[in-house]
Amino acid sequence: MKFTMNVECTPAEAREFFGLPDIAPMQDRILEEMEARMRDNIQNLAPETFIKTWMPATIQSWGELQKIFWGQMGMTQPPADDKS
């Protein structure tokens, strides 16, 4: 036998019904701390340093990144621009 039951309730009501803790205050504190840390770190980084920290260490230039993309597509070099 199969039956379906729809219940309308807020997330807070569902959490309370199942006995789960309300972690919203903890999440708010953690997010505020993360935002403050990110703000401090962004102010200390120069744009070049910021990009290097987000790029893999093996990729030193955009040219190398382009070579990797073309290599993944099975081409040895980018196609020449056709100006005809």
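Q: Is R15 buried, partly exposed or exposed?
A: R15 counts as partly exposed, because its relative accessibility is 26%. Buried means under 20% relative accessible area, exposed over 50%, and partly exposed in between, with a 1.4 Å probe and protein chains only. Please note that this is a predicted model, in which local features need pLDDT of at least 70, side-chain atom pairs count only at pLDDT 80 or more, and totals for chains, interfaces and linings use all residues. Residues are numbered from 1 along each chain as its sequence is written, and side-chain values use heavy atoms, with hydrogens and water left out.

Q: Which side chain does R15 meet in a salt bridge?
A: The partner of R15 is D22, with 3.6 Å from N to O. A salt bridge here is a side-chain nitrogen of Lys or Arg within 4 Å of a carboxyl oxygen of Asp or Glu. Side chains of opposite charge can pair when their charged atoms come close.

Q: How many salt bridges are found in the whole structure?
A: The search finds 3. One of them joins R37 and E33 at 2.8 Å, N to O, and another joins R39 and E35, with 2.8 Å from N to O.

Q: Where do R37 and E33 lie?
A: Both belong to helix α2, residues 24-44, and they are 4 residues apart, about one turn of the helix. R39 and E35 are likewise in helix α2, 4 residues apart. An α-helix has 3.6 residues a turn, so residues three or four places apart point the same way. Helices (H or I, at least four residues) and strands (E, at least two) are DSSP runs, numbered from the N terminus.

Q: And R37, buried or exposed?
A: R37 is exposed, at 54% relative accessibility.

Q: Changing topic: which residues form a nonpolar patch on the surface?
A: The patch consists of I23, M26, I30, L31 and M34, which together have about 460 Å² of accessible area. Patches are made of residues with over 30% relative accessible area and no salt bridge; like charges are joined within 9 Å, and nonpolar side chains (Val, Leu, Ile, Met, Phe, Trp, Tyr) within 5 Å. Accessible areas come from the Shrake-Rupley method with a 1.4 Å probe, and for residues only the protein chains shown count as cover. M26 lies in helix α2 and is partly exposed at 39%.

Q: How many aromatic pairs does the structure hold?
A: It holds 1. The ring centres of F17 and F18 are 5.2 Å apart and their planes stand at 80 degrees, so the pair is edge-to-face. Rings of Phe, Tyr and Trp (its six-membered ring) pair if their centres lie within 6.5 Å; planes under 30 degrees apart count as stacked, over 60 as edge-to-face and the rest as tilted. Both F17 and F18 are exposed.

Q: Why does helix α1 lie largely in the open?
A: Helix α1 spans residues 11-18, and of its 8 residues the number buried is 0, so it lies largely in the open. Just after α1, G19 takes a positive phi of about 80 degrees.

Q: Where is confidence lowest?
A: It is lowest in helix α3, residues 47-54, at a mean pLDDT of 70, and highest in α1, at 91. pLDDT is the predictor's confidence in each residue, from 0 to 100.
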